[in-house]
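Thank you all for coming.

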Number of protein chains: 2
Amino acid sequence: MASRYNAITDVDGILVGHHSRLGDGWATGTTVVLCPQGTVGAVDGRGGAPGTRETDLLEPENLVSRVDAICLSGGSAFGLAAADGVMRWLGEHSRGFPVGAQPHEVVPIVPAAVVFDLPRSDWGNRPDAEFGYAATEAATNGPVAQGTVGAGAGTRVGSLKGGVGTASVTVDGFTVGSLAVVNAKGEAVDFGTGRAFAADFEVASEFGAWPQRAGELPLHTGLDDLNTTIGVVAVDAALSKAECRRLAVSAQDGLARSVRPAHSMFDGDTIFALATGDRELSEVEGPFAAQARAAALDRLCEAAADTFARAMVHGVLTATGLPGLPAYRDVWH
Amino acid sequence: MASRYNAITDVDGILVGHHSRLGDGWATGTTVVLCPQGTVGAVDGRGGAPGTRETDLLEPENLVSRVDAICLSGGSAFGLAAADGVMRWLGEHSRGFPVGAQPHEVVPIVPAAVVFDLPRSDWGNRPDAEFGYAATEAATNGPVAQGTVGAGAGTRVGSLKGGVGTASVTVDGFTVGSLAVVNAKGEAVDFGTGRAFAADFEVASEFGAWPQRAGELPLHTGLDDLNTTIGVVAVDAALSKAECRRLAVSAQDGLARSVRPAHSMFDGDTIFALATGDRELSEVEGPFAAQARAAALDRLCEAAADTFARAMVHGVLTATGLPGLPAYRDVWH
């Protein structure tokens with residue numbers, strides 16, 4: 001069952017904000033996922049060309065387990081600067097890891113990843129700290145704008161325009177939601193039929209009818225070999241940092257089912273996981289408590305994979321084209 | 001044998017620049033290690049509280065193997081912004097990973113790590129992109145300023161002021177150099193004798209005579225539990241990315257020998273390794289070529305451990321005190 005908005009914001013306390021610039025030599029932006037206090041974070045990277053920040057601290061054996069926000073951005077490594085603005089906003093709101101006696105003396109924990117979308121903008125036009133600040137300021141619960149917006153403003157997926165997509169599901173009373181910034185080297189769609197590779201994971205006819213006819217393949221220039229899909233999966237369960245990482249591991253399976261090839265040397269595919277901690281993962285006690293907990297975690301992981309794949313499809317279907325880069329809806333209008 | 005400057009800049013083509021602010025509520029800064037084109041980079045992190053950027057791409061299995069600079073900075077996670085300025089400087093000089101047809105269309109590769117020195121400055125005073133730009137602009141070969149400067153401006157080591165230190169050695173005709181930003185939770189000195197724990201690794205009387213008398217231990221406030229030692233080890237050999245990582249692994253041994261405890265949950269100890277590629281690691285051919293190459297690498301690794309320990313000692317001995325935080329030279333003057 002999909003939740004209310006079919007979005008990552010169906011997870012209580014999770015807010016999403018976009019900031020993008022489109023036109024006048026710009027097609028890039030930043031998407032921020034803001035977490036409620038006490039949210040546990042983790043990450044899994046499986047691409048050969050990642051651009052990241054503050055991922056080492058998320059290793060399960062390390063000190064910090066709470067994160068304040070995840071910053072996803074265009075601009076390749078230049079876009080890592082967007083996280084500076086997210087940190088500034090959070091600091092102004094006294095949110096972060098406490099390091100002093102005063103409430104405002106905090107170091108906000110903002111892991112970040114970027115996608116390679118530089119060819120969509122004039123050289124030098126990239127997200128900076130102001131993009132991160134504006135996206136955080138804009139963050140809300142409720143419906144999430146999808147397609148050519150935020151970090152998905154300048155993305156591509158194979159031969160088509162990519163975008164931001166999101167999806168959610170409820171399982172065992174928990175809500176699992178994913179948000180993907182679709183920017184893969186691989187294709188997401190069978191050009192012979194117009195059907196998304198991850199079409200099988202559809203819930204409640206969310207994708208609509210598939211065209212069942214060939215699309216005219218746009219010419220691939222071959223100049224955009226660097227790509228990278230990034231995203232976030234969130235759940236309202238209370239998880240350890242290591243358990244939380246399992247969600248990110250599984251979400252990568254959703255990515256693998258959505259684009260072909262996936263996880264190439266020219267993708268930096270990085271997925272963050274968030275556990276907001278509303279409710280314990282399992283109530284089972286006694287000798288089988290550990291197995292029951294692991295089985296409960298696996299059900300969330302399956303939901304992580306499925307929602308991430310669905311988010312990917314939404315990112316493709318909702319994207320609008322840019323000059324020279326048609327979207328799915330342009331090819332199968 | 002120590003090389004000319006007993007500094008990481010003894011490795012041909014390696015430049016070091018500092019930018020710091022001291023006084024008027026400031027004691028923090030940034031140190032940039034600038035690499036010659038084609039330098040292979042790697043990283044090893046062994047502390048529980050790292051603050052890092054662009055470390056994932058350095059994993060041996062990932063695409064990018066060349067780095068343009070390493071950015072070391074104070075300011076905790078806020079100081080990761082310094083790398084934005086290093087990237088800007090490099091971009092202005094058309095240095096980076098090529099992503100377009102024009103020479104200036106590059107993405108500079110600038111892995112970065114930060115130390116926790118926030119208690120040394122008024123709240124809000126931290127390195128930003130301008131610090132990174134200025135440190136890069138200031139980078140030179142030749143002697144390297146040590147002590148309370150650059151990323152070492154606001155550091156501490158146990159009960160004492162820490163600082164930047166550097167050292168080098170030649171082995172098998174290669175030059176190995178280390179630079180350490182000493183900011184450990186552990187102590188670096190035996191307070192009963194004034195002798196550095198890593199005194200044994202001295203080369204050519206570089207540390208001078210040890211006092212052999214007890215020092216008056218400054219009161220440890222206990223408020224500075226977050227620390228982190230960061231640094232760089234460089235060699236002029238041609239190494240693969242995986243081989244290069246062995247240098248960083250070994251340099252962590254030098255850190256372990258220098259401070260007690262080392263690699264705690266409250267340190268984010270991260271060491272980068274650079275191989276500039278002037279000369280092949282081993283000329284041996286035939287059935288024992290692989291073993292000979294591994295043995296040659298191990299000799300460089302031993303030098304990495306030793307020079308990093310020596311750099312740590314120099315960082316302690318050259319530091320000058322700050323109000324409320326005496327340096328070694330204040331206690332054993």
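By what turn, and with what shift along the axis, can chain B be laid on chain A? In this predicted model, a turn of 180 degrees with a shift of 0.0 Å along the axis brings chain B onto chain A at an RMSD of 0.0 Å, and that is the relation of a two-fold axis. Within chain B, the C-alpha nearest the axis belongs to B:Arg53, at 2.0 Å from it. The same surface serves both copies, since 100% of the contact residues of chain B recur in chain A.

As to confidence, the model scores ipTM 0.90 and pTM 0.94, while chain A has a mean pLDDT of 95, with 98% of its residues reaching 70 or more.

Let me now turn to the sheet in chain A. It is an open sheet of 5 strands in the order 3-16-15-12-11, with mixed pairing; strand 3 and strand 11 stand at the edges, each with a single partner strand, so one side of each is left without a neighbour in the sheet. Strand 15 and strand 16 of chain A pair in the parallel sense over 8 bridges, and A:Val235 has A:Ala275 in strand 16 as its bridge partner. Helix 3 of chain A packs on the sheet, touching strand 3, strand 15 and strand 16, whereas helix 4 of chain A lies across strand 11, strand 12, strand 15 and strand 16, running at about 150 degrees to strand 11.

Finally, helix 1 of chain A has 8 of its 11 residues buried, so it is largely enclosed by the rest of the structure; among the buried residues are A:Val86, A:Met87, A:Trp89 and A:Leu90. Just after this helix, A:Ser94 takes a positive phi of about 55 degrees.

Notes: Residues are numbered from 1 along each chain as its sequence is written. Chains are lettered from A and ligands numbered from 1 in the order in which they are written. This is a predicted model: local features need pLDDT of at least 70, side-chain atom pairs count only at pLDDT 80 or more; totals for chains, interfaces and linings use all residues. Side-chain values use heavy atoms; hydrogens and water are left out. Copies are superposed by least squares on the C-alpha atoms of residues with pLDDT of at least 70 in both. Contact means heavy atoms within 4.5 Å. Buried means under 20% relative accessible area, exposed over 50%, partly exposed in between (1.4 Å probe, protein chains only). Helices (H or I, at least four residues) and strands (E, at least two) are DSSP runs, numbered from the N terminus. pLDDT is the predictor's confidence in each residue, from 0 to 100. Two strands pair if DSSP finds at least two bridges between them. Axes are lines fitted to C-alpha atoms, for helices over the stretch in contact, and angles run from 0 to 180 degrees between N-to-C directions.
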